[in-house]
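User: I would like to go through this structure step by step. Could we start with the charged pairs?

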Amino acid sequence: MNTVANKDKIQPRKDSSSFQCPSCKVVSMQRWGEVQLRASNGISSKASQYSLSRCDHCHEYAFWLKDRMVFPLAAIAPHPNPDMPEDVKDDYSEADIVLSYSPRSSAALLRLALQKLMLHLGEKGKDINEDIKSLVAKGLRSEVQMALDAVRVIGNEAVHPGLIDLRDDRETAFALFGLLNYIVDQMITHPKTINALYAKLPVTKKEGIEKRDGKSKAV
């Protein structure tokens, strides 16, 4: 049995020798086989469009139609950031479930998740482009801005005809999950951690800091 730590996630791909099993979530060796159809007269024939993979770790099967895994439809993306708001997490999880079957649908759902996230970042949540513009005006770091625009643009392209074709592009759709987690980490987790640590400072020390800077600090 050959397995890899779960942190080294490899998304399932047709004929790949190893990937993260949708059943046990372990990155493991995969054994491939053909699907045979047996007629009522006992004669078997190969179902050329179908194949199956069997995980060396849990011994469960996955069934494939051409290059798409059609069973099980399971989560394969990174776990959502614990600080991700629940309504955003719901779309993130749904995008994860449909990723292997429809990268376009997955990317579109992540764009919707981003739009909902904007409300939690203090923006209007109606026009993502305008929300990003507002965040940039407030001093948003360029790396976070690029991550936001990547999810926005690619998600839009998944819905509307454009220059990016996501019908079979799982890699691009898969990368968006990491970007959304990164955005939550930078915009929610980091400020939350910093404010929690600052709140532990002695009152006299915080008063000294505020006097030094001539303004109040977040607590």
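User: How many salt bridges are there?
Analyst: The count comes to 10 salt bridges, each being a side-chain nitrogen of Lys or Arg within 4 Å of a carboxyl oxygen of Asp or Glu. This is a predicted model, where local features need pLDDT of at least 70, side-chain atom pairs count only at pLDDT 80 or more, and totals for chains, interfaces and linings use all residues. Residues are numbered from 1 along each chain as its sequence is written, and side-chain values use heavy atoms, with hydrogens and water left out.

User: Which residue does lysine 192 meet in a salt bridge?
Analyst: Its partner is aspartate 83, at 2.9 Å from N to O. The pair links distant parts of the chain, 109 residues apart: lysine 192 is in helix H5 (residues 170-199) and aspartate 83 is in the loop between S6 and H1. Helices (H or I, at least four residues) and strands (E, at least two) are DSSP runs, numbered from the N terminus.

User: At what angle do H1 and H2 cross?
Analyst: The axes of H1 (residues 86-98) and H2 (residues 103-120) cross at roughly 170 degrees and come within 8 Å. Therefore H1 is roughly antiparallel to H2, a term for angles over 145 degrees. Axes are lines fitted to C-alpha atoms, for helices over the stretch in contact, and angles run from 0 to 180 degrees between N-to-C directions.

User: Where is tyrosine 101?
Analyst: Tyrosine 101 lies in the loop between H1 and H2.

Conventions: Parallel < 35°, antiparallel > 145°, perpendicular 65-115°, else oblique.
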